[in-house]
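Keep the structure open while you read.

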Amino acid sequence: MKVGDTHYRSIWFENGEVRIIDQRWLPHEFRIVTLESLDDFATAIRDMWVRGAPLIGATAAYGVACAMARDASDGNLAETCEALNATRPTAVNLRWALETMQTALRPLPVGDRATAAFAKAAAVCDEDVETNRMIGVHGLELIKDIAAKKDGPVNVLTHCNAGWIATVDWGTATSPIYQAHEAGIPVHVFVDETRPRNQGALLTAWELGGHGVSHDLIVDNAGGHLMQRGEVDLVIVGTDRTTARGDVCNKIGTYLKALAAQDNGVPFYVALPSPTIDWTIQDGFDIPIEERGGAEVTHVQGKLADGTVTQVQISPDTTGARNPAFDVTPARLVSGLITERGIAAASPDGLAGLFPDRAA
Ligand code: MRU
């Protein structure tokens with residue numbers, strides 16, 4: 001998508017180097033960083049210079065490619081994948097990308113692996129872009145249906161950032177929104193701020209503003225109130241891992257939005273690229289939930305009047321914090337799963353029906 005007049009992806013290969021947008025500084029500063037060593041890639045994922053399930057996977061794929069350029073041995077391939085897989089536990093796209101790279105590279109002679117690895121990483125990125133574009137094509141139909149039945153904009157609530165910088169391009173939850181906007185369908189987005197890291201306030205609001213999409217930032221607790229007042233037509237969120245039966249793991253707070261949506265008859269959809277499906281798990285409570293440091297809760301990041309981006313403490317010095325980064329929304333609360341192949345019911349038959357080639 002465009003930043004100013006320039007079209008960017010969130011990760012790209014240029015002049016023999018892997019570049020990313022360093023998301024820690026958005027929306028205040030737009031910084032591009034080059035990743036080279038395994039430590040660079042692992043740090044970028046773990047410390048959330050890049051984040052969002054699909055982008056984590058794409059970054060790991062390029063991490064493997066760079067590692068193969070230095071040492072394409074079986075041992076280094078295994079060690080690299082093990083190190084990258086340990087960076088963040090919840091988004092299954094990470095495991096998917098590493099398995100995809102290993103499956104492509106292991107059968108090859110060592111001398112052919114580096115070139116093949118860069119080609120495969122590029123293909124992972126290109127597939128992600130097309131997958132998300134198709135999620136938008138299918139999700140657009142939901143927005144069109146609502147638009148046909150009401151005057152004024154279609155009001156969509158989203159949580160966290162499942163936008164183009166959480167993927168390689170388009171985003172998952174935002175792809176239908178961008179496509180509706182481009183088609184001239186009036187759409188307005190309620191952006192949950194998404195504490196503790198405020199991905200909504202910092203990233204989704206930046207994205208939508210950059211593309212001229214009407215939006216309001218809301219505090220995390222406002223969504224239920226707006227739904228009670230009939231001000232939300234549709235909820236679309238992303239996911240870090242969805243089980244074969246349609247239990248959805250996403251950013252902490254998603255579950256509460258799903259409960260409020262059900263109580264108020266608001267459709268609750270999840271944008272789900274197929275690499276985010278974990279076919280090995282049925283029960284969402286078997287998904288490992290990342291617990292991050294308490295400082296993300298006791299502090300917030302913001303920009304001072306002099307332009308400095310800094311952390312500010314908001315709680316007493318002695319107060320501890322728990323920081324589970326994701327929660328699980330049971331399939332029964334999900335109206336549908338918007339995939340690249342169409343919209344599936346959140347049920348074992350729903351996903352297996354669309355992906356018979358992948359279902360176990
Ligand atoms: O902790 P984050 O910022 O990586 O969490 C991101 C999310 O929860 C997104 O909703 C999810 O990865 C889907 S991104 C298309």
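Two strands count as paired if DSSP finds at least two bridges between them. The model is predicted. By that pairing rule, three strands form an open sheet in the order E3-E4-E5, and the pairing is antiparallel. The edges are strand E3 (11-14) and strand E5 (32-35), each of which pairs on one side only.

- Strand E4 (residues 17-21) runs antiparallel to E5, and four bridges join the two.
- Which residue of E5 is the bridge partner of Ile-20? Val-33 is that partner.
- Helix H2 (residues 53-70) packs on the sheet and touches E3 and E4.
- The direction of H2 makes about 30° with that of E3.

**Helix H1 against H2**

- Helix H1 (residues 38-46) packs with H2 at an angle of about 170°. Their axes are 9 Å apart.
- Angles over 145 degrees count as roughly antiparallel, so H1 and H2 are roughly antiparallel to each other.
- H1 brings Leu-38, Phe-41, Ala-44 and Ile-45 to the contact. From H2 come Ile-56, Thr-59, Ala-60, Gly-63, Cys-66 and Ala-67.
- Eight residues of the contact of H1 with H2 are nonpolar, two are polar and none is charged.

**Helix H2 against H3**

- The axes of H2 and helix H3 (residues 74-85) come within 10 Å. They cross at roughly 150°.
- H2 and H3 are therefore roughly antiparallel to each other as well.
- Their crossing is right-handed.
- On the H2 side, the contact is made by Ala-60, Gly-63, Val-64, Ala-67 and Met-68. On the H3 side, Asn-76, Leu-77, Thr-80, Cys-81 and Leu-84 take part.
- How do the residues of the contact of H2 with H3 divide? Seven are nonpolar, three are polar and none is charged.
- Ala-60, Gly-63 and Ala-67 of H2 are in the contact with H3, and these residues also meet H1.

- Strand E14 (residues 299-303) pairs with E15 in the antiparallel sense, over five bridges.
- Gly-302 has Thr-310 of E15 as its bridge partner.
- E14 and E15 form a hairpin, with five residues between them.
- Gly-307 lies in the turn and has a positive phi of about 95°.
- Is strand E15 (residues 309-313) well covered or hardly covered? E15 is hardly covered: the count of buried residues among its five residues is zero.

Definitions and conventions. Residues are numbered from 1 along each chain as its sequence is written. This is a predicted model: local features need pLDDT of at least 70, side-chain atom pairs count only at pLDDT 80 or more; totals for chains, interfaces and linings use all residues. Two residues are in contact if their C-beta atoms, placed from the backbone, lie within 7 Å. Axes are lines fitted to C-alpha atoms, for helices over the stretch in contact, and angles run from 0 to 180 degrees between N-to-C directions. A residue is buried if 20 or more other C-beta atoms lie within 10 Å of its own, exposed if 12 or fewer, and partly exposed in between; C-beta atoms are placed from the backbone. Angles under 35 degrees count as roughly parallel, over 145 as roughly antiparallel, 65 to 115 as roughly perpendicular and the rest as oblique. A crossing is left-handed if the near helix is turned anticlockwise from the far one by less than a right angle, and right-handed if clockwise. Ala, Val, Leu, Ile, Met, Phe, Trp, Tyr, Cys and Pro count as nonpolar, Asp, Glu, Lys and Arg as charged, and the others, Gly among them, as polar.
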